[in-house]
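Hi everyone, thanks for coming. Please bring up the structure on your screens, and let's walk through its cavities, its salt bridges and one patch on its surface.

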Amino acid sequence: MDKKVLRWNFVFQYGYVITNIINSLILLPFYLKNIDTATLGVWLATGNILAWMTLIDPGVGEVLQQKIAELKGRNEKDEIGKTIGSGLIAAGIILLISVIAGFVFYSLIGAIINKDVTIYPNLQVALLISIISTGMSLTSFAMSGINQGLHNASQVAISSILANILFLVINITLLLLGFGIISIAFANLCRAFFINIYNFSALKVAMNKEGMKIIFQGAHFKRFIRIFSFTSLASIIGGLSASMDTIFLARFIPPSMITIFEINKRPVQMTQSLIGRHSVALMPSISYASGENNKKGIISLINTQFKYYSYAALFIAIIFCFNYHDLISAWTGKGKYAGNTIVYLLVANFFFGVIGYFMANMGYALGDIKMNSLINILKGVFIGIFFYFSAKYYGITGILSVMLAGNIIIDFSYFSYRLFKLGYLQPALIKHIVGLWSIIVPLVVISAIVCYYATHNFILSDLYILKLLLNCGAFFIAFIIIVLVVDRASRNELLKVIKGNLPYALIKKKVMFW
């Protein structure tokens, strides 16, 4: 497998998320200073309504990425050209439908939020621009998916990071010039256009280099869109069910508790998205190796990456369990912590969710798209039905319990079983990880308890940030030491990396680290 391509996939996935986070931190003060508070609040509310446009995307980018990477592994250049042609047609259709849907939502926004949007300065113009930018963003998913499938990952990474920088610069410039809410909408439009133009230019260069052409063929397009009968339904049901928790909670609990729930849920969601990007970055390489029939290479990659992925999930889960109160208090002040029961349920959902997400993505990358989509449809229906009754009788804990059941039964258990049945999740790996974790987990939990009580007994209770830094730093060191002592393979891999980066003189003297 091409390690350079894999590294660029990681740069893309994490670079895009990190630059988005940085943009959010930088831009929020500018928004509050340069946009009327009421207008900004209505913009945020209407933005959620326009976000329903994204449900129209059936996952064209992911399908194109998987299919093209697999075909590239087989070196079927004509079929790649046809797939790209069909993908571009599908992207054009999605753009058209999403814009039409956007105008429909736009006409209903006033009725939905029960406000006259005409009284807010420039809001209508900003919403109209956002309709176009959202449609163009959906098209960019297809462009990025094509380039990733072609193993043109470096250009995808560069385009996404540059686009976020462009968004930041245009946004701040227009805000300072007094354009208000239009600044956000126009910056989004520029970002979407830039990503599309850059990615299309990059794919043309890559195809010319490989001697390939884009082929538009009606018969191929008809075969190509059949897969979306599954993925589109999974996208719609999954998107709706994911937003149903607060909708049902709003019927049965006070609004103030929903705010507390959202505050406590946010750090877990952000971290889950960040860690989950690791498995997404592996998908193009897995699909390419599948096309090459390189089963041994796929198993080796899954075994290695899953071990480190699971360590990251375990580390974050334990950090959250012992530090979430300090994290929420440092972020929002006292009185916003939702309680241990809710937080432990959030952490359990995080852990089983990220592990199941890895397994699901590996199956998807191997071409198990229909079954993956079908299971996600069933999960969405299951969660949607039980959300109502759990919210009515048990509130937030009921909602989180239903989520946890879905994550354990479907994501964690079924997708792991499915990858095992496909022949890529080896029993030896499971046995090895269970053996390691039976030693590692008790030790790291004990070390987390020691770090927690050490910091909380010697530091004033209201110094939340200091406690977080010391506690997390000490636990991180303890976690790394325990893993390296118990896991010989990880220790040897680290020694190999250190040895490979040491000056020749030190290697010659045989400096020993362990």
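Let's start inside. The largest cavity is lined by Met-359, Ala-360, Gly-363, Tyr-364, Asp-368, Met-371, Asn-372, Tyr-414, Phe-415, Arg-418 and Leu-419. A word on terms: on a 1 Å grid over the protein atoms alone, a cavity is a set of points where a 1.4 Å probe fits but cannot get out, and lining residues have an atom within 4 Å of a point. Two elements give two or more residues each to this lining, helix H13 (340-365) and helix H14 (369-421). Helices here are DSSP runs of H or I with at least four residues, numbered from the N terminus.

Before we go on, remember that this is a predicted model: local features need pLDDT of at least 70, side-chain atom pairs count only at pLDDT 80 or more, and totals for chains, interfaces and linings use all residues. Residues are numbered from 1 along each chain as its sequence is written, and side-chain values use heavy atoms, with hydrogens and water left out.

Back to that cavity. Which helix gives the most to its lining? That is H14, with six residues. By class, the lining has seven nonpolar, two polar and two charged residues. Here Ala, Val, Leu, Ile, Met, Phe, Trp, Tyr, Cys and Pro count as nonpolar, Asp, Glu, Lys and Arg as charged, and the others, Gly among them, as polar. The space inside is about 60 Å³, where a volume is the space filled by probe spheres set on the grid points, joined across faces, edges and corners.

Two of those lining residues, Arg-418 and Asp-368, also form a salt bridge, with their closest N and O atoms 2.7 Å apart. The rule for a salt bridge is a side-chain nitrogen of Lys or Arg within 4 Å of a carboxyl oxygen of Asp or Glu. This pair links distant parts of the chain: Arg-418 sits in helix H14 and Asp-368 in the loop between H13 and H14, 50 residues apart. The cut-offs are under 20% relative accessible area for buried, over 50% for exposed, and partly exposed in between, with a 1.4 Å probe and protein chains only.

Now to the second largest cavity, with a volume of about 30 Å³. Its lining is Ile-318, Ile-319, Phe-322, Asn-323, Ala-448, Asn-471 and Phe-475. Helix H12 (295-332) and helix H16 (464-486) each give two or more residues, and H12 gives the most, with four. These lining residues divide into five nonpolar, two polar and no charged.

Asp-326 pairs with Lys-467, the closest N and O atoms being 3.5 Å apart. Asp-326 is in H12 and Lys-467 in H16, 141 residues apart. Asp-326 is buried at 3% relative accessibility, and Lys-467 is buried with a relative accessible area of 3%.

Last, the surface. Val-381, Ile-385, Phe-386, Phe-389, Tyr-393 and Tyr-394 make a nonpolar patch of about 670 Å². Patch members have over 30% relative accessible area and no salt bridge, with nonpolar side chains (Val, Leu, Ile, Met, Phe, Trp, Tyr) joined within 5 Å; areas come from the Shrake-Rupley method with a 1.4 Å probe. Tyr-393 belongs to helix H14 and counts as exposed because its relative accessibility is 56%.

Terms used. On a 1 Å grid over the protein atoms alone, a cavity is a set of points where a 1.4 Å probe fits but cannot get out, and a pocket is an open set with protein on both sides within 12 Å along at least five of seven lines; lining residues have an atom within 4 Å of a point. Patches are made of residues with over 30% relative accessible area and no salt bridge: like charges are joined within 9 Å, nonpolar side chains (Val, Leu, Ile, Met, Phe, Trp, Tyr) within 5 Å.
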